[in-house]
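Please keep the sequence and the structure in view while reading.

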Amino acid sequence: RAEEAIREQKLALELDPLSLIINKGLGHRMVLAGQYQEAIEVLSQTLEIDPDFAPAYRDMGFAYLELGNHGEALKALEKTRSITGDLRSMNTYALGYGYGIAGKTDEAREILEQYNKLAEEQYVSPYIFACLYRGFNALEACFLWLNWAYEERDPSLVFLKTHPVWNPVRSDQGFLEIYRQMWPEDN
């Protein structure tokens with residue numbers, strides 16, 4: 001119900017136009033709805049309020065990736081990581097995914113290796129690994145990690161239905177097996 005969500009987010013924005021979360025939330029919902037150019041405009045306005053609001057850069061990066069503008073996408077995703085600097089945040093996996101999509105394999109593998117090392121010390125969501133492998137288009141590994149995320153009931157799996165990371169593989173059997181387990185009523 002993307003249009004309804006966007007409508008509600010716009011209403012919230014009318015009530016609190018300076019809220020970073022509400023501004024970013026509208027941009028995020030536009031990304032999920034495939035309204036990439038509109039999302040970039042909204043997220044740019046969010047960054048006018050606070051130029052260090054990392055989540056806005058992350059969503060902007062995904063929008064640019066979907067538009068095929070890898071240069072702008074990587075600028076936004078690199079800015080996100082420079083602000084947060086934390087592997088545990090969703091921002092760093094987004095940069096690794098973006099590097100993979102943009103064909104910057106060495107940089108993507110470096111981030112994957114950082115997550116592998118972190119996973120030796122603490123929990124790292126299997127969803128993060130699935131997204132990183134999706135960026136490489138290493139689908140066998142991607143779906144293996146998605147299955148693990150499903151077994152662990154990883155809350156990030158709710159994004160399978162709408163997030164653009166999964167657009168290119170929505171008809172792939174490995175993806176559909178996991179999707180059907182989560183939403184059997186959609187079959």
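## Basis of the description

A residue is called buried when its relative accessible area is under 20%, exposed when over 50%, and partly exposed in between, using a 1.4 Å probe and protein chains only. The model is predicted, so local features need pLDDT of at least 70 and side-chain atom pairs count only at pLDDT 80 or more, while totals for chains, interfaces and linings use all residues. Residues are numbered from 1 along each chain as its sequence is written, and side-chain values use heavy atoms, with hydrogens and water left out.

## Aromatic pairs

Ten aromatic pairs turn up in a search of the whole structure, where rings of Phe, Tyr and Trp (its six-membered ring) pair if their centres lie within 6.5 Å, and planes under 30 degrees apart count as stacked, over 60 as edge-to-face and the rest as tilted. One of these pairs is Y115 with F129, which is edge-to-face because the ring planes stand at 70 degrees, with the centres 6.3 Å apart. Since Y115 belongs to helix α7 (residues 105–121) and F129 to helix α8 (residues 126–136), the pair ties together parts that are 14 residues apart in sequence; helices here are DSSP runs of H or I with at least four residues, numbered from the N terminus. Both partners are buried, Y115 with a relative accessible area of 1% and F129 with 2%.

A single aromatic cluster is formed by Y127, W166, F175, Y179 and W183.

## The nonpolar core

In the largest nonpolar core, which has 59 residues, the members touching the most others are F62, Y115, L146, L160, W166 and F175. Such a core is a set of buried Ala, Val, Leu, Ile, Met, Phe, Trp, Tyr and Cys residues joined through side-chain atoms within 4.5 Å. Helix α8 supplies the largest share of this core, eight residues.

Leaving aside residues up to four places away in sequence, L160 touches L146, W166, R170, F175, I178, M182 and W183, contact meaning heavy atoms within 4.5 Å.

R153 has its charged end over the ring of Y150, 4.6 Å from the ring centre.

R153 is exposed, with a relative accessible area of 55%, and is found in the loop between α9 and α10 (173–182). Its phi is near 60 degrees, a positive value in a residue other than glycine. N137, in the loop between α8 and α9 (139–151), likewise has a positive phi, near 65 degrees.

How values were computed:
Helix = DSSP H or I, 4+ residues; strand = E, 2+ residues; numbered from the N terminus. Lys NZ or Arg CZ within 6 Å of the ring centre and 35° of its normal.
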